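Visitor: Please take me closely through one part of this structure: the charged side chains and their partners. Which ones pair up, and where do they sit?

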Amino acid sequence: MSYLPSISQTSRRVVMALAALLSCAAVAGAQPDVDSRPSAMRVVRAALAVERVIRQERPDEGRIFHFSRPIVRVGQDFTLGEGEAVREIQSGLADITVAGQVDDDVVVIVGSLHLMSTAKVGGSVLVVGGPLTVDSGATVERDLVVIGGSLSTTGEFTPGGQQVVIGNLAVAHTLQAFVPWVTRGLLLGRPLVPDIAWMWAAVGIFFFIYLMVNALFANPVRVVADTVTARPLSSFLLGLLVLVLAVPAIAILAATVVGLAVVPFVLCGLVIGALIGKAGVIRATGRSVVPEDEDAGRVRAIVSMLIGFAVLTIAYMIPVLGFITWAITGAIGLGGAASAFRGALRREHPPRVRPPLTVEPAAAPESVAAGAPEPAYADAAPMRTFVPEASAAVDDAAGQALPPSPPAAVATDLAVYPRATFLDRVAAFALDAILVGIAVNVLDLTRHDGYYPLMLVAYHIAFWAWRGTTLGGIVVGLRVVRVQGTDLRFADALVRGLTAVFSIAALGIGCLWMLQDPEKQMWHDKIAGTLVVKVPRHLVLP
């Protein structure tokens, strides 16, 4: 707060005082120099008279206290007194009274605003969820907007701009009912305030909803409870991943005409998944207090739900710990629901199991089978007499008729090998990106914008079509094959390379898709009909 006089008023005073002094000095100089003391007294009296005249002419222009920074109040009332000036006022959950001057706007969210007769607002006035009272004499140079509240004026009042009033006091009373929850709950880091009556009605409604979810989706809730109990950290990380990807995925769907129709179903799926996940977390919490048998019936499940809900409700009342508990349980529940959904998809669509390749032995030539003599055994004689001439003849005949033996059969279905992991593919891509970056710099293509992405796409398409892998894939031991297990064609490599741009452009969602896909396929793999497999070193290059 600074003490600032009016600049125009000060300059006016200085000019008039100097004029008075000069005139008095001239009059004094024109008289004989008999006594200088009366002349000096006349000059002082004239200056004081000029000052009194200025004050009488401008009684309302005095010194004011000016706040150089905007006034911001949350949950605390504020009064701007007469003779004070501020740049602007912004408040929430507070009552504001203005009797001074505001240079810019006045914004009041869920609160009341009172403009007294001496109030001057140089900008606009916005009141949301509260009443606005304007006394006679107050001025607003621009717009006046009231949303969910009422406008009360005394005398004639007209703002400099538009005057808009939307809603009534019922909306304001509804919004003001949340003020105690915000001040004593939200700001303290707890979602449940025990001394607010309507919150217990909300607690009862949520408990009924979770009981209905547990009854209607008994198996999914049980699976979620088992998942979060066995793998809480994995469920938490998966829940965070779902939350991070949900917003960009919905934005991408909404950007297309066809995807816009899918957005409501996605939102409903997220809400249902969150409810099932939270019900599973509640049931798992109840199990941790009182163990539940594997073949427990519905009554035992309800008891677990009741115990778990009571434990979480008590935790929600504790400051800071309440919101931490709410956030962690929500993320774990959403991750458990996503894990259960993925398990259900795998049961409905089990991964294709390829039978092992059987290598049939080479058939004996018919000429050898026909020319070979039958072994002769004498019934009475214990031993057969060896005849060298006959044996030599048979060996010669067999050697002439026996063709060269065929090579051993080699497995050509590369799809039987294990799928490459996400880290393997990221490592191979990183190596390829570095190599392409080095090539772009060596060829002095950095001065042309956009060459690096084009070179990266062309590099992958060329190597996939030529060798079914890239230099990074050779280092890591990866091969890109068709779903039939055969080598890629140029058309497959071209489609895969172009659609890979879309998988990356969609905020990487198309690449992260392989984390939950049974065949470890990304979006461009599914479109092109390809697989990325981890093969032995001798099969990396065809």
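Guide: A residue is buried under 20% relative accessible area, exposed over 50%, and partly exposed in between, using a 1.4 Å probe and protein chains only. Next, a salt bridge: a side-chain nitrogen of Lys or Arg within 4 Å of a carboxyl oxygen of Asp or Glu. For charge, Lys and Arg count as positive, Asp and Glu as negative, while His and the chain ends are not counted.

This is a predicted model, so local features need pLDDT of at least 70 and side-chain atom pairs pLDDT 80 or more, while totals for chains, interfaces and linings use all residues. Residues are numbered from 1 along each chain as its sequence is written, and side-chain values use heavy atoms, without hydrogens and water.

Start with Asp432. Look for it in helix α14, which spans residues 422-442. (Helices are DSSP runs of H or I, at least four residues, strands runs of E, at least two, numbered from the N terminus.) Asp432 is buried, yet it has no salt bridge. Its nearest side chain of opposite charge belongs to Arg496, and that is 9.0 Å away. Asp432 does have a partner of another kind: its side chain makes a polar contact of 2.6 Å with the side chain of Thr470. (A polar contact is a pair of N or O atoms within 3.5 Å; within protein, one must be able to donate a hydrogen and the other to accept it, and residues adjacent in sequence count only if both atoms are side-chain atoms.)

Now follow Arg496. Its salt bridge is with Asp525, where the closest N and O atoms are 2.6 Å apart. This pair links distant parts of the chain: Arg496 lies in helix α17 and Asp525 in helix α19, 29 residues apart. Asp525 and Arg496 are both buried.

Stay with helix α17. It covers residues 490-505 and holds Asp492. The side chain of Asp492 meets that of Arg482 in a salt bridge, at 3.5 Å from N to O. Here, too, distant parts of the chain are linked: Arg482 sits in strand β18, residues 478-482, and is 10 residues from Asp492. Asp492 is buried, and Arg482 is buried as well.

Next comes Lys526. It forms a salt bridge with Asp517, and their closest N and O atoms are 2.8 Å apart. The two ends of this bridge need separate descriptions. Lys526 counts as partly exposed because its relative accessible area is 41%. Asp517 counts as buried because its relative accessible area is 5%.

Some charges join up in a network. Arg222, Asp226 and Arg287 are linked by salt bridges in this way. In total, the structure holds 11 salt bridges.

One more charged residue deserves a look: Lys520. It is found in the loop between α18 and α19, the latter being residues 523-528. Most residues other than glycine have a negative phi. Lys520 is not a glycine, but its phi is positive, at about 55 degrees.

Compare Leu93. It also has a positive phi, about 60 degrees, without being a glycine. Leu93 is found in the loop between β6 (89-92) and β7 (96-98). With a relative accessible area of 19%, Leu93 is buried.

To finish, return to Asp432. This buried residue has no salt bridge, but its side chain does contact Thr470 at 2.6 Å.
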